[in-house]
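Me: I have a structure to go through with you. Let's take a few residues in turn.

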Amino acid sequence: AYYLLSVVKKPVIACGDKVFRRFIDEHCSVSREHFWPTWWCIQSHVQTVLRVIIHSRISVKYTEEYLKTPDGGEIRLDWEENDKSKYPSDSRPTVLFLPGLTGSSVENYILHLVNNAADLGYRSVVFNNRGTGGTTLKTPRTYCAANIEDIKFVIRHIKEKLPNAPVVGVGVSLGGMILFNYLAMERSKAELVAAMIISPVYDVLSQGCLWINPLIIGCSIATLQALFVKLLRKICICFKSMWTLMPSMC
């Protein structure tokens, strides 16, 4: 009874624009459906932990593309062209995915999103931030939610490469924060026809309190911390290489 009365619910839609709300109701059926979480795993923190322990992995074949940024950094784009799509290649709808903190194109949730996009006939391209996804960190600069230079650079590159293809942005967690800031700062100049932001952090300071939750630290955060350490090592190596090349700065 508790599950049916308190857990199974329709999503809450926060939308002040009545015209846009009608558009959502007409074209997004999930907004009218009930959400039925796994009955034995309804608590959000438990879901977070189990996502690390229990997951399915699907195979996605990417084509890698390395971009050199204006400041000498390196970004890798992983493309899934979806050659079986019903849409012509030059105008095929293209989804740009931005993974979460320390994430990359091989994350389980990204693989599933790319697979879902393929089922709809879309092309996918995953934006691996500097130093992630096995890329070399060429400069001491990495990435953060407040900086949109790299995402602007990537979107402009995609539009130059595929001028006739509509491009949609999908950001998860930190990727969603970067995408949101891009849309907020660029406004009408944003080169996306639509965007979806999944599980963004609205209050970064309060969200930091979750890092001291023993349950989360024991599983998912431990994995995240390990990835952080890996990224920090890359930064240290990059700094050491710069000091070696420029001894006058010592």
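Me: Which loop holds N82?

Reply: First, some ground rules: this is a predicted model, where local features need pLDDT of at least 70, side-chain atom pairs count only at pLDDT 80 or more, and totals for chains, interfaces and linings use all residues. Residues are numbered from 1 along each chain as its sequence is written, and side-chain values use heavy atoms, leaving out hydrogens and water. Helices (DSSP H or I, at least four residues) and strands (E, at least two) are numbered from the N terminus. N82 sits in the loop between β2 (74–80) and β3 (94–98).

Me: Is N82 buried or exposed?

Reply: Buried means under 20% relative accessible area, exposed over 50%, and partly exposed in between, with a 1.4 Å probe and protein chains only. N82 has a relative accessible area of 10%. So N82 is buried.

Me: What is the phi of S173?

Reply: Most residues other than glycine have a negative phi. S173 is not a glycine, yet its phi is positive. The value is about 55°.

Me: Where does S173 lie?

Reply: S173 counts as partly exposed, because its relative accessibility is 24%. Its place is the loop between β5 (167–172) and α6 (174–186).

Me: Which residues is I158 in contact with, leaving aside its neighbours within four places in sequence?

Reply: I158 lies in helix α5 (residues 149–161). It counts as buried, because its relative accessibility is 0%. Contact means heavy atoms within 4.5 Å. With those neighbours left aside, the partners of I158 are W79, L96, V125 and V167.
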